Amino acid sequence: MLWITFAWGSCFLAINIGLEDAPVLWFAALRALLAGGALLAVAGLRRAPMPRGRRTWLLITVLGVVNVSVAFGAMFGGLVGLSTGAASVLANAQPLLIVLPAWWIYKERISPRTLAAVGVGFAGLLAVAAPGGAGTGAWLSLTSALAITAGTLISRQLKSNVLPVIGWHFVVGGVVLALAAWLTEGAPAINWSARFVAILLYVSLVGTAAAFLAWFTEVQHCRLDTLSAWTFLVPVFGILLSILILGEPQTFWSMAGMGLVVLSMVFLTAPGKRSVQAPQ
């Protein structure tokens, strides 16, 4: 989870730079299609069994639209209207959003400490979003978090080999993004500089293909609230990189909100008095 969260956190920095050379939706579509193609190529080399059955393909399609088309499109759009640090915080609200659905759908019991952590984290998100008001960037970033949360819940329903499933869901989501990009942004006007190519390869292969494959593998075996709590480290890495590399200034409210978000992670990940077995 440490390398997964670092990869995702660094993606916010890379995307922010890459948007100088490519439109929002075309950049998001390229990220998804390249990641999906790489995963399917690996699946082919490993001769992994392809998904079968109408229900499986329906879930893959829904997962692709929700977890890729909506999540990536909103995530990239959110970076246009927010700083890298604020966007990384709001787009990674999954630990706060997944607690109640995990209890309702998968019967994962909620402790008082978990509820307290959700409250602290939610206060942190409000503090980060408040300076910008109800701006488009904030709402898009929160929409991305909601979509990723829904995608995590849907992925639990898939029982096929995770490698081709993740690959195909990126392809489906990428195709939908490409169609949306063509309708709204027209033909792709991309500056294929060496910098953009390097950023695209890093975001697609490391921050998407490898990181999401590892993430969805963990989702099959761990409690969703505990696992999702680790993603609070994503904005921590995103903020640190934005300060060190981009020199982005941070307001009092954004720093206070980020501090509350990190504090809520401490509540969620600290060992409790009783042990909880992961679902088989």
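A: Helices (H or I, at least four residues) and strands (E, at least two) are DSSP runs, numbered from the N terminus. Ile-243, for instance, lies in helix α12, residues 233–246. This is a predicted model: local features need pLDDT of at least 70, and side-chain atom pairs count only at pLDDT 80 or more, while totals for chains, interfaces and linings use all residues. Residues are numbered from 1 along each chain as its sequence is written, and side-chain values use heavy atoms, with hydrogens and water left out.

Q: OK, how many helices and strands does the protein chain have?
A: There are 13 helices and 0 strands in the protein chain.

Q: Back to Ile-243: what is it in contact with, leaving aside its neighbours within four places in sequence?
A: Glu-248 and Gln-250, with contact meaning heavy atoms within 4.5 Å. Ile-243 has 35% relative accessibility, so it counts as partly exposed. The cut-offs are under 20% relative accessible area for buried, over 50% for exposed, and partly exposed in between (1.4 Å probe, protein chains only).

Q: And how much of the protein chain is buried?
A: Buried residues are 50% of its 280 residues.

Q: What about α1, why is it largely enclosed?
A: Because 13 of its 17 residues are buried, α1 is largely enclosed by the rest of the structure. Helix α1 covers residues 2–18 and reaches 24 Å from first C-alpha to last, close to the expected 24 Å. That expected span is 1.5 Å times one less than the number of residues.

Q: Which residues have the most contacts inside the largest nonpolar core?
A: Ile-15, Phe-27, Phe-72 and Phe-170, in a core of 57 residues. A nonpolar core here is a set of buried Ala, Val, Leu, Ile, Met, Phe, Trp, Tyr and Cys residues joined through side-chain atoms within 4.5 Å. The largest share of this core, 10 residues, is from α10.

Q: What does Phe-27 touch, sequence neighbours within four places aside?
A: Its contacts include Ile-15, Phe-76, Phe-196 and Leu-200.

Q: Where is Leu-201, and is it buried or partly exposed?
A: Leu-201 sits in helix α10. Its relative accessibility is 40%, so Leu-201 counts as partly exposed.
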